[in-house]
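Please read it with the structure open beside you.

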Amino acid sequence: MLADWAGRRITVEIDRPLGTRHPREDDMVYPVNYGFVPGTLAPDGHPMDVYVLDGSEPLDRCEATVIAIVRRRDDVEDKLVAVLDPGFAWDSAAITTAVDFQERYFDSWIELP
C-alpha cells in the first residue's frame, strides 16, 4: 500500500487542526494538523486519515506529500503521514515522536519508502 502513496501529492481536508482538542478525548490536543483525503475509503468506512507533520499554524485544507504510513496491528486502518515541505527529511524516530500523542494508544509502527 505504501507504494501506492509514497511521494504522492495529495489534497488534505483538515478536520482537526493543530492545537484543537479531540472530539471525544478532552485531554488529547493535536500537535499536528490531522485530516483526511477526500474521495478515498479506508477499511473503517471513512476517508483515509492523514497526519500533516510540518504545519506551524492550524490549517483547513492543504496540499501535502506522503512520506510514510503509520501501520496499526490492533486497528482496521492505517494513517498516511504527509508534509507540506518534502525537502525536509523525516526519519522513523521523528515521525514516531510527532504522532505519539495518538499512536501511543495503538500497537503501531512507521513504514517508510
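1. From the N terminus on, the elements of the protein chain follow the order α-β-β-β-β-β-α-β, which makes two helices and six strands; helices (H or I, at least four residues) and strands (E, at least two) are DSSP runs, numbered from the N terminus. The radius of gyration, taken over C-alpha atoms, is 13 Å, close to the 13 Å that the globule rule gives for 113 residues, so the chain is as compact as a globular protein of that length; the rule is 2.2 Å times the number of residues to the power 0.38.

2. This is a predicted model, in which local features need pLDDT of at least 70 and side-chain atom pairs count only at pLDDT 80 or more, while totals for chains, interfaces and linings use all residues. Residues are numbered from 1 along each chain as its sequence is written, and side-chain values use heavy atoms, with hydrogens and water left out.

3. Of the 113 residues in the protein chain, 44% are buried, that is, under 20% relative accessible area with a 1.4 Å probe, protein chains only. Among contacts (heavy atoms within 4.5 Å) with a separation of 6 or more, 59% join residues 24 or more positions apart.

4. The largest pocket has a volume of about 320 Å³, and of the 18 residues that line this pocket, the closest to its centre are Arg16, Tyr34, Asp49, Glu77 and Lys79. A pocket here is an open set of points on a 1 Å grid over the protein atoms alone, where a 1.4 Å probe fits, with protein on both sides within 12 Å along at least five of seven lines, and lining residues have an atom within 4 Å of a point; the volume is the space filled by probe spheres set on the points, which are joined across faces, edges and corners. Strand E1 (9-16) and strand E2 (33-36) are the elements that give two or more residues to the lining.

Methods: Buried means under 20% relative accessible area, exposed over 50%, partly exposed in between (1.4 Å probe, protein chains only).
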